[in-house]
Amino acid sequence: MSGADTMQWRVRHVTSHRYAESSAATYSEARLIPLTTGDQVVLRSRVEIDPSAWSQEYRDYWGTTVTAFEVTEEHEVLTVSATSVVDTGPVDTGSVDAIGWEGLADPDLRDRHCEYLAPSEVTDPDAGLASRLLDIREASGSPAEYVHAVGEIVRTEVQRLGAPTHVSSTAREVWEARAGVVHDLVHVVLGALRQAGIPARFVSGYVHADDDPPVGETFTSEPYAWVQWWDGDWTGYDVLEDGAIGPRHVALGIGREFADVPPLRGIYATGGSVDAIVEVELTRLA
């Protein structure tokens with residue numbers, strides 16, 4: 001991959017909920033603070049809620065930072081803004097050897113990663129695709145070959161749609177329609193990998209379109225997602241680009257599927273409809 005080995009980003013994510021009828025109260029969770037990992041460090045972050053809300057932070061089961069909050073005054077608009085400064089760089093895999101099919105069959109490994117191997121209504125593949133996957137698995141000399149072969153099928157046969165404010169389709173529905181948002185495409189790949197016995201997990205985040213974007217220029221982005229699969233260590237895979245995860249990717253949360261890492265989820269007290277508007281900005285600082 002061309003471009004710098006490390007980058008620093010200012011990430012701004014704003015979600016606004018506009019209620020047709022005023023909401024008497026809102027109780028929500030925001031997962032908008034990026035992860036600190038071996039290849040990413042959050043230098044500072046701030047989550048602001050309007051109207052003013054009581055809030056607290058905690059780390060969920062999957063390791064994502066959650067801002068839980070409640071607004072108990074009547075309001076017509078709820079705005080949640082998150083601003084973070086993040087350093088990103090290449091993944092340091094050290095001397096970890098790539099895993100083979102025999103290694104993935106190890107009972108201890110399967111037990112350790114059972115949550116990322118378990119069947120799921122959201123990620124299980126369509127029957128027709130599942131049959132094709134058996135042939136691909138047989139022809140793949142290694143798990144890595146299989147991952148890229150699956151990515152090629154999904155990338156070329158499923159149309160990518162624009163980013164949504166929520167994700168609700170299953171992998172079967174996406175495959176049948178041959179269309180979905182990037183989060184849906186990731187679900188299809190996750191199911192295909194798990195069917196072959198490869199532990200795989202969902203990563204929510206953002207990506208800049210340029211390999212080496214200019215410093216100081218603000219880029220309008222959208223929520224993004226990619227796969228991590230077990231190859232002796234967790235290995236990132238960008239389904240849309242058939243490539244590794246690099247410094248222009250910023251990770252927000254990790255889980256089994258999108259439902260584990262929604263940017264904003266909650267309940268509200270209103271009798272009318274709700275419109276959601278999501279705005280994302282990435283600015284390279286260094």
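## A bridge between strands 11 and 12

Glutamine 228 has glycine 236, in strand 12, as its bridge partner. Strand 11 (residues 224-230) and strand 12 pair in the antiparallel sense, over four bridges; pairing here requires at least two DSSP bridges between two strands. Strands are DSSP E runs of at least two residues and helices are H or I runs of at least four, both numbered from the N terminus.

This is a predicted model, where local features need pLDDT of at least 70, side-chain atom pairs count only at pLDDT 80 or more, and totals for chains, interfaces and linings use all residues. Residues are numbered from 1 along each chain as its sequence is written, and side-chain values use heavy atoms, leaving out hydrogens and water.

## Cores

The largest nonpolar core has 49 residues, and Val227 is among those with the most contacts inside it. Such a core is a set of buried Ala, Val, Leu, Ile, Met, Phe, Trp, Tyr and Cys residues joined through side-chain atoms within 4.5 Å, with buried meaning under 20% relative accessible area, exposed over 50% and partly exposed in between (1.4 Å probe, protein chains only). Helix 6 (residues 182-195) contributes the most to this core, with eight residues.

## Arginine 265

Arginine 265 sits in strand 14 (residues 264-268) and counts as partly exposed because its relative accessibility is 37%. A polar atom of its side chain lies 2.7 Å from the backbone oxygen of alanine 259.

Technical notes. A polar contact is a pair of N or O atoms within 3.5 Å; within protein, one must be able to donate a hydrogen and the other to accept it, and residues adjacent in sequence count only if both atoms are side-chain atoms.
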